[in-house]
Amino acid sequence: MTADLFAADRRHVALDPGALLLGGFALDEAPRILAAIACIAARAPLRHLETPGGRRMSVAMTNCGEAGWVSDRSGYRYAAHDPLSGLPWGAMSPLFRDLAVRAALAAGFPGFAPDACLINRYEPGARLTLHQDKDEAFHTAPVVSVSLGVSATFLWGGQARGDKVRRHVLHHGDVVVWGGPARLTFHGIAPLPVDAHPLTGPLRYNLTFRQAR
DNA sequence: AAGTAACG
DNA sequence: CTAC
């Protein structure tokens, strides 16, 4: 960890060894990121995936990058093509990639090479119950998560499902990075409150970058 | 199963 | 919080 990591103008929270919340990291890029999300969603619409148990997820999802995370009755997996259209997911823009790489570096993970960017859209009440990101082929690379729009409560657990869960509010522009010993930490998002943000109205968007392959 | 119901 |  270097000194510039902890610049005085930046809120930062060490969640655990290997896990860091970088406050306001993506603020400058946020309007361009939101415009890019609209372009991605025009090609690969945000949709409510089904869990293997047949339940509709409350969060709407799409992807860009070489691999996209999908779920249906047959399971969770990464796919090179959008199951809705059969087309490859759109390319990950340098704007997205550079942001993720800079955040990973700032959190102590140099050389991050994401090939997957999952885009999540939360409406009021949408949530993600506690889970692990473990569908990637290797867990040597960190997870980088970018928050935009309405603030949400991040649920940060431990290495076992039953471990104590801490809550941290994630604001517009916040980035969370977890890797190394924290790579498989259980995490989730509490139901999104009814709220409004100048750039997104009632919605929260989240970008999750991973190296899936 | 990244979700929900049931419970005390 | 536990069970499925």
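Author: This is a predicted model.

Reader: Which strands each supply at least two residues of the lining of the largest pocket?

Author: The space in this pocket comes to about 640 Å³. By class, its lining has 13 nonpolar, 11 polar and 10 charged residues. The strands that each give at least two residues to the lining are β6 (116-122), β7 (128-131), β12 (187-189) and β13 (204-210).

Reader: Are α1 and α2 parallel or oblique to each other?

Author: Helix α1 covers residues 30-43 and helix α2 residues 94-106, and their axes come within 10 Å. The axes cross at roughly 130°, and the crossing of α1 past α2 is left-handed. Angles over 145 degrees would count as roughly antiparallel and those from 65 to 115 as roughly perpendicular. The two helices, α1 and α2, are therefore oblique.

Reader: How do the residues of the contact of α1 with α2 divide by class?

Author: On the α1 side the contact is made by Arg-32, Ile-33, Ala-36, Ile-37 and Ile-40. On the α2 side it is made by Leu-95, Phe-96 and Leu-99. The division is 7 nonpolar, no polar and 1 charged.

Reader: Which residues is Ser-151 in contact with, leaving aside its neighbours within four places in sequence?

Author: Ser-151 sits in the loop between β8 (143-149) and β9 (152-156). Its C-alpha atom is separated by 23 Å from that of Arg-56, 95 residues apart along the chain. With those neighbours left aside, Ser-151 contacts Val-169, Leu-170, His-171, His-172, Leu-192 and Pro-193.

Key. Residues numbered from 1 in each chain as written. Chains lettered and ligands numbered in written order. Predicted model: local features only at pLDDT ≥ 70, side-chain atom pairs only at ≥ 80, totals over all residues. Heavy atoms only, no water. 1 Å grid on protein atoms, 1.4 Å probe; cavity = no way out; pocket = protein on both sides within 12 Å on 5 of 7 lines; lining within 4 Å. Points joined across faces, edges and corners; volume = space filled by probe spheres on them. Helix = DSSP H or I, 4+ residues; strand = E, 2+ residues; numbered from the N terminus. Nonpolar A, V, L, I, M, F, W, Y, C, P; charged D, E, K, R; others polar. Axes fitted to C-alpha atoms, helices over the stretch in contact; angles between N-to-C directions. Parallel < 35°, antiparallel > 145°, perpendicular 65-115°, else oblique. Left-handed = near helix turned anticlockwise from the far one by under 90°. Contact = heavy atoms within 4.5 Å.
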